[in-house]
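Let's take a friendly walk through a structure together. Have a look at the picture first, and then read on.

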Amino acid sequence: MTTVKIRLPNAWLVAVAAALLGGLTGVATAVATATATPLRTAATAAAGLATEGPQPRLETDATVHDFGRVAVGGSGSHEFTIRNTGDAPLVLTKGATSCTCTVSDFSGAGSGDGSSRTVPPGGSTTVRIEWKGKGGGGPFRQRATILTNDPLRPEVAFSIEGQVVPIWKAEPPVITLAGLSASAPAEATAALFTFGNAAAELVDCRLVAEQFADLVTVSAEPLPPAALAAAEGATAGFGLTLRFAAGLPLGKLRGDVETTLRVDGEELTATIPLEGTVTGDLTVVGQAWDKRAKAVRLGTVSRRDGLATKLFVMAKGAGRDQVRLAVKEVIPAGLEVTVSPPRPVGDGNLIRIGLTLSVPPEAPTANNLCTEAASAGKIVLETGHPDTPELTIPVCVAIAE
Amino acid sequence: MHPAKTTHCPGLPRQPLAPRRVDAVAAGRLTMRLAALLVFTAISASAGSAATPDRGVGVSDEVVTEFQQRNGRLFENWGVPRAVLAITGELDGYIEPCGCTGKENQKGGLSRRQNFLDAMRTAGWPVVAVDLGSQVKRFGRQAEVKYQSIADGLRQMGYSGIGFGPADLRLPAEELVAAVASVGTEPTPFLSANVGLLGLDANITPRFRVVEIGGLRVGITAVLGDGKADGIRNDAIEIAPAESALAEVAGLLQQGNCDHQVLLSWATPEETRSLAAAYPQFDIVVTAGGADEPPAQLPELPSGGRLVELGHKGMYAVAVGFFPGSDQPIRSQRVPLDARWGEAREMIKLLASYQRQLESLGLEGLGLSAMRHPTGRRFAGSAACSDCHDYAYEVWEGSSHAYALTTLEEQDPRRDGDPECLSCHVVGWAPQRFEPFEGGFLSMAKTPHLAHNGCENCHGPAAAHAAVERGDVRATQAERDRLREELVLTLDTPEGKQRAVNNCLECHDLDNSPQFDFDEYWPSVDHSEDDEE
């Protein structure tokens, strides 16, 4: 019996051959796909795909119309011209619009019902686009698509764009104040622009709020003409200033700034929502800070790998400049806390003090994971704050091998 | 054994053909190598064909064709780019599209966004994803939870650069830091040249980043425009003037030997153009403040760079492809995030987690407290109306308003714990403020009679009227007439009809019911009836 040794091709040759074979196959597939007949559209399917012989050719001068400005609730229309420069009938079908505020219709020459139009060779027709200025104002751009049986242009998108102008607009649209101090006064501003034919008249301005209205004063002054440039097309503007006295209740703020205006002889009320929060003068911030549990969650830390993470104590209000943190007590003992010097943030209404938390390799093991079996650890800081001389930060951590 | 048949081949010496035994080991090796050849061929074929990303996983040809016809085809004549910059932004809180017209008719959402990014990666395109910012629009605990969820989603999708919009920066600093800061050794994708959470020197986020993708170096930075910074009142956030902050970062980026530089500018288009003119090194400049829909083509800046608008509500992404050495080295594609992209499992899980958090927090945990109804009245529930208004009640029962809450319960994940959905699907909430009125729906356990979108959402709270009509409360004829009159809506006068239409528009707004037309919709809920004694 003879043993036949099969001579096997070198593995690298196999790989190269496979790559070449596969790559060529793939490229051939891609080329075939790319040069395949264009996607059949509804119009094409209905009219029969024309890739040989006489073919329709769609031409149009423009596909974008800038309507300038329209008022909120106002409307406009524009006609786009479509020509058939081919030698077969051009079948057009209404496609989708990007918004119900925009509709298309065929007008002009050609035959067909409302949803489609057939344009003979050498002929032309028009597509009429109508739109309504919806929304709160600002830049507006919407699209209407026409499907065709031109194999080179199976669809054409006509776009109309411009500016929708409201009667009034506020900047910001909502007055938001996050983290106000209960112990210090504060101020917020907003601008109210009107877009009437003539300058508007301010009748009244007030804050409507259930709980704290007596702690807030609202005033309004006309904006100088140069300030109107911030809102394109504004014919008048008012700067609103809200001054909050100290003593705001902790928790959520909610109200409405109502401004009564007379614009083009009509009286209207512009309502700007106000929302915010009032928090204590010392707050803890950091990636490991669990706001809901009001604790720092560090999980299980291996003392071999160690830990280096940062927290921040933020001080605001009347006593913020007196805050100087000093570590009074830390549980577990293996958790080290280093305090950075205080630094003002921005205008200095807030002071930031960094705390670096670390676990050195020789730290004793501990379990303070905030479970039923393991109570929370803590970082106790002396603060120097006149109302809160000591700050305790619960810590959920375990230090393992 | 019988000897094998002897054959004679011309030219070959005659010799008997002995039975042959093929070496088993060699045969095994041959089999393995042939199998490897087949697998390698298949892989090479896929790479060679490099399918254009045109759909999410599992989406049928019919759906793709339909949405190609509706919203256009994508990446025509692109080929395979050296790298792609996928740009998103202005999500405005629309973590997913929602509304009465059906999700398939709307665009946007993180789920489709993920599938869009994955489709490009699967097609072998090197992708770097960046986001302009403005993940949320509102303020309050729900916005905070949503921001964290969106930040987690963007990290999962592998974003390399994410800026901040004004609404993001109105959130409490502790929430922003928790969502944005680096996690362990993984750097944060958030960045800004001029916005510093807890101060510019706190270094919570970097000022810029350079990524290598497809052999190209792409520099990325972000700014918040001066015009937008003015409206932010948050002492924990330091915002430097945009141009001076950009001056420093631009210098550092120039040293980074970048092939392309991207500026994410949350500013008006005018201010963005001004920054782009001052720093022409940025060849891709993304701006806020455009129209609802981005333009089909990217306008060119005087510097030769491209200006990118993204539209609103995260309905679109813009892909910028880099083709160095070709006659069109930069190509762009506006990508509608429509139903052709399907849903991504990871984002569905993220949405489910978000909804569970809302449910777990409850209305109180979300900081929602009932506010006084403008009329001062309280709610009775639609069943109370049926005692006298049986025809109207019957019409209501047969309409989709009568199972509005059920539609939220039947969603996957369910939405009946989400105030932004509840506000239009129950009785007694302010639809546009997403908060309950006093006496409005709280839960199925506490207020089942206020489930679904009932009579009083249009006619006003009717508890006093119902009590008088039942005889529970004594009232004069004048008071009885007044309580009845307060609840009447009429379409007989222009003012009356406008009042009715305004009620509808509280929920059938452009966001949730873009197809709404009162005259078309009214017949399905028309419950006009003669006045009853």
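## Domains of chain A

Chain A splits into three parts: domain 1 covers residues 42-165, domain 2 covers 168-279, and domain 3 covers 282-400. How far apart do the C-alpha centres of domain 1 and domain 3 of chain A lie? The distance between these two centres is 64 Å.

## How confident is the model?

Keep in mind that what you see is a predicted model. Its scores are ipTM 0.78 and pTM 0.84.

For chain B, the average pLDDT is 89, and 89% of the residues score at least 70.

Now find helix 3 (residues 110-122) and helix 9 (residues 345-365) of chain B: their axes come within 8 Å and cross at roughly 155°. Because angles over 145 degrees count as roughly antiparallel, helix 3 of chain B is roughly antiparallel to helix 9 of chain B. The crossing of these two helices is right-handed.

Which residues make the contact between them? Helix 3 of chain B brings Leu110(B), Ser111(B) and Gln114(B), while helix 9 of chain B brings Glu346(B), Met347(B) and Ile348(B). Sorted by class, this contact has 3 nonpolar, 2 polar and 1 charged residues.

Conventions:
Residues are numbered from 1 along each chain as its sequence is written. Chains are lettered from A and ligands numbered from 1 in the order in which they are written. This is a predicted model: local features need pLDDT of at least 70, side-chain atom pairs count only at pLDDT 80 or more; totals for chains, interfaces and linings use all residues. Domain bounds come from an automatic or database domain assignment. pLDDT is the predictor's confidence in each residue, from 0 to 100. Axes are lines fitted to C-alpha atoms, for helices over the stretch in contact, and angles run from 0 to 180 degrees between N-to-C directions. Helices (H or I, at least four residues) and strands (E, at least two) are DSSP runs, numbered from the N terminus. Angles under 35 degrees count as roughly parallel, over 145 as roughly antiparallel, 65 to 115 as roughly perpendicular and the rest as oblique. A crossing is left-handed if the near helix is turned anticlockwise from the far one by less than a right angle, and right-handed if clockwise. Two residues are in contact if their C-beta atoms, placed from the backbone, lie within 7 Å. Ala, Val, Leu, Ile, Met, Phe, Trp, Tyr, Cys and Pro count as nonpolar, Asp, Glu, Lys and Arg as charged, and the others, Gly among them, as polar.
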